[in-house]
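Colleague: I would like to learn how to read a model such as this one, feature by feature. Could we start with the strands and then go on to the backbone angles?

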Amino acid sequence: MIFRLGVRALSLNFGFKMRKEYLAAKDQLTSLIRQARVSAGSAGREIAGLIVDNGFYLDFIRCKNASRRSGSFSFVEKEVQSVVVAVERLGREVVGTFHSHPSSTAEPGDSDIEHAPDDSLMLIIDCTAGKTALWRVKGGRARPVKLKQLVLRSRS
Ligand SMILES: [Zn+2]
């Protein structure tokens, strides 16, 4: 899975404090899997986006996939920059990226690791199994990170 992030985006400061485990809203993960499957069904296209730590759990902001080829993705540098600026204005932090694998497991490929900002999180969506996996990419290696699903209930 090819992942290209602009040079300037790569120089983003990802110097956040890594946690032992992360939380994510179950509804949001389910929705991402659904979106990824729809996209995979359309010529095997991947979806991609940014991961934001809101101080409590991880939020996922879908971005445009500029790659027209199946099984690959690339970010639009301007879009990434504007999301980062908006997120920081809210006092939150972009801590990584996510993308989908239309027909392979939720493990990062060599290219995924090579193009990821160093010391960032990477969520991969396995469209076939309908699962997600979270990784920490650092020093050219990816290690699994625990992601707990959180059920958020709206107030009635
Ligand atoms: Zn990939």
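Predicted model: local features only at pLDDT ≥ 70, side-chain atom pairs only at ≥ 80, totals over all residues.

Colleague: In which sense do S6 and S7 pair, and over how many bridges?

Modeller: Strand S6 (residues 93-101) and S7 pair in the parallel sense, with six bridges between them. S7 also pairs with strand S8 (residues 131-138), here in the antiparallel sense and over seven bridges; in that pairing, Ile 125 stands opposite Thr 132 in S8.

Colleague: How many residues lie between the strands in the hairpin of S7 and S8, and which residue there takes a positive phi?

Modeller: The hairpin has four residues between its strands, and Gly 130 takes a positive phi near 70 degrees.

Colleague: Why is S7 described as largely enclosed by the rest of the structure?

Modeller: The reasoning rests on counting neighbours, since a residue is called buried if 20 or more other C-beta atoms lie within 10 Å of its own. Six of the seven residues of S7 (residues 120-126) are buried, and therefore the strand is largely enclosed by the rest of the structure.

Colleague: How should I read a positive phi when I meet one?

Modeller: Ala 43 is one case, with phi near 60 degrees; it lies in the loop between helix H2 (26-41) and strand S3 (48-53), and Ala 43 is exposed, having 11 other C-beta atoms within 10 Å. Asp 119 is another residue other than glycine with a positive phi, near 60 degrees, and its place is in the loop between H4 and S7. Asp 119 counts as partly exposed, with 16 C-beta neighbours inside 10 Å.

Colleague: What span does helix H3 reach, and which residue just after it takes a positive phi?

Modeller: H3 (residues 77-89) has 13 residues and reaches 18 Å from its first C-alpha to its last, which is close to the 18 Å expected at 1.5 Å a residue. Just after H3, Gly 91 takes a positive phi of about 75 degrees.

Colleague: What is the average pLDDT of the protein chain?

Modeller: The average is 88, and 87% of the residues score at least 70. Over residues 6-11, however, the pLDDT is below 50, and this stretch has nine contacts in the model beyond near neighbours in sequence.

How values were computed: Residues numbered from 1 in each chain as written. Buried ≥ 20, exposed ≤ 12 C-beta atoms within 10 Å, placed from the backbone. Helix = DSSP H or I, 4+ residues; strand = E, 2+ residues; numbered from the N terminus. Pairing = 2+ DSSP bridges. Expected span 1.5 Å × (residues − 1). pLDDT = per-residue confidence, 0-100. Contact = placed C-beta atoms within 7 Å.
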